[in-house]
Amino acid sequence: MKAITLKEPWASLIVNGYKTYEFRSWKTSYRGKILIHAAKGVDKNNIDRFKSYNLNYGNSCIIGEIYIVDCVKVDEKLRKKLLKIDGNVYQESGFNETYAFVLENCKKYDKYIPCKGHLNIWNYD
């Protein structure tokens, strides 16, 4: 099974359905189900921003699954669309956000699966 590691709060925003686009500097041709792994590290600069979302954060574990249905080039039109959907989730970051993985059918797991994460898309057995 494919998996991707994300820092919190981003991993929980995805499995709870608040974030349906995941940005990367690289594109992927992978389509299908992918496990969402919450990294050991936390994006401390953004935790307070999402307090009102009442998220339960994971740490070094798989917290849910999602389907990657597309990978699109990020342009100004997409940026404007996402800011209208949720300006808090999709506000500009300082990272290279060249591509966006389009995500659907989120599922948060009741019981998290402890495991070590990896960079990029990786295989979980």
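In this predicted model, 87% of the contacts in the chain with a separation of 6 or more are made by residues 24 or more positions apart. The chain contains two helices and six strands, and their order along the sequence is β-α-β-β-β-α-β-β. The radius of gyration is 14 Å, close to the 14 Å that the globule rule gives for 125 residues, so the chain is as compact as a globular protein of that length.

**Dimensions and burial**

- The C-alpha trace of the chain spans about 40 × 35 × 25 Å along its principal axes.
- Of the 125 residues in the chain, 46% are buried, where buried stands for a relative accessible area under 20%.

**Surface and charge**

- The accessible surface of the chain amounts to about 7300 Å².
- Carbon and sulfur atoms account for 49% of that surface.
- Among the side chains, 21 are positive and 14 are negative.
- The centres of the positive set and the negative set lie 2 Å apart.

**A cis peptide bond at proline 9**

- Most peptide bonds are trans.
- The bond that leads from glutamate 8 to proline 9 is cis, and its omega is near 15°.
- Proline 9 is placed in the loop between strand S1, which covers residues 2-8, and helix H1, which covers residues 10-15.

**Positive phi at asparagine 105**

- Most residues other than glycine have a negative phi.
- Asparagine 105 has a positive phi, near 55°, although this residue is not a glycine.
- Strand S5, made up of residues 99-114, contains asparagine 105.
- The relative accessibility of asparagine 105 is 55%; because exposed means over 50%, asparagine 105 counts as exposed.

**Positive phi at asparagine 120**

- Asparagine 120 is likewise a residue other than glycine with a positive phi, in this case near 60°.
- The position of asparagine 120 is in the loop between S5 and strand S6, the latter covering residues 121-123.
- Asparagine 120 has a relative accessible area of 46%; because this value falls between the cut-offs of 20% and 50%, asparagine 120 is described as partly exposed.

**Points to locate in the structure**

- The cis bond can be found between glutamate 8 and proline 9, in the region where proline 9 occupies the loop between S1 and H1.
- The two asparagines with positive phi can be found at position 105 and at position 120.
- Asparagine 105 belongs to a strand, S5, whereas asparagine 120 belongs to a loop, the one between S5 and S6.

Key:
Residues numbered from 1 in each chain as written. Predicted model: local features only at pLDDT ≥ 70, side-chain atom pairs only at ≥ 80, totals over all residues. Heavy atoms only, no water. Helix = DSSP H or I, 4+ residues; strand = E, 2+ residues; numbered from the N terminus. Rg over C-alpha atoms; globule rule 2.2 N^0.38 Å. Buried < 20%, exposed > 50% of the residue type's maximum accessible area, 1.4 Å probe, protein only. Contact = heavy atoms within 4.5 Å. Areas by Shrake-Rupley, 256 points an atom, 1.4 Å probe, with all protein chains shown as cover. Lys, Arg positive; Asp, Glu negative; His and termini not counted. Charge placed at Lys NZ, Arg CZ, Asp CG, Glu CD.
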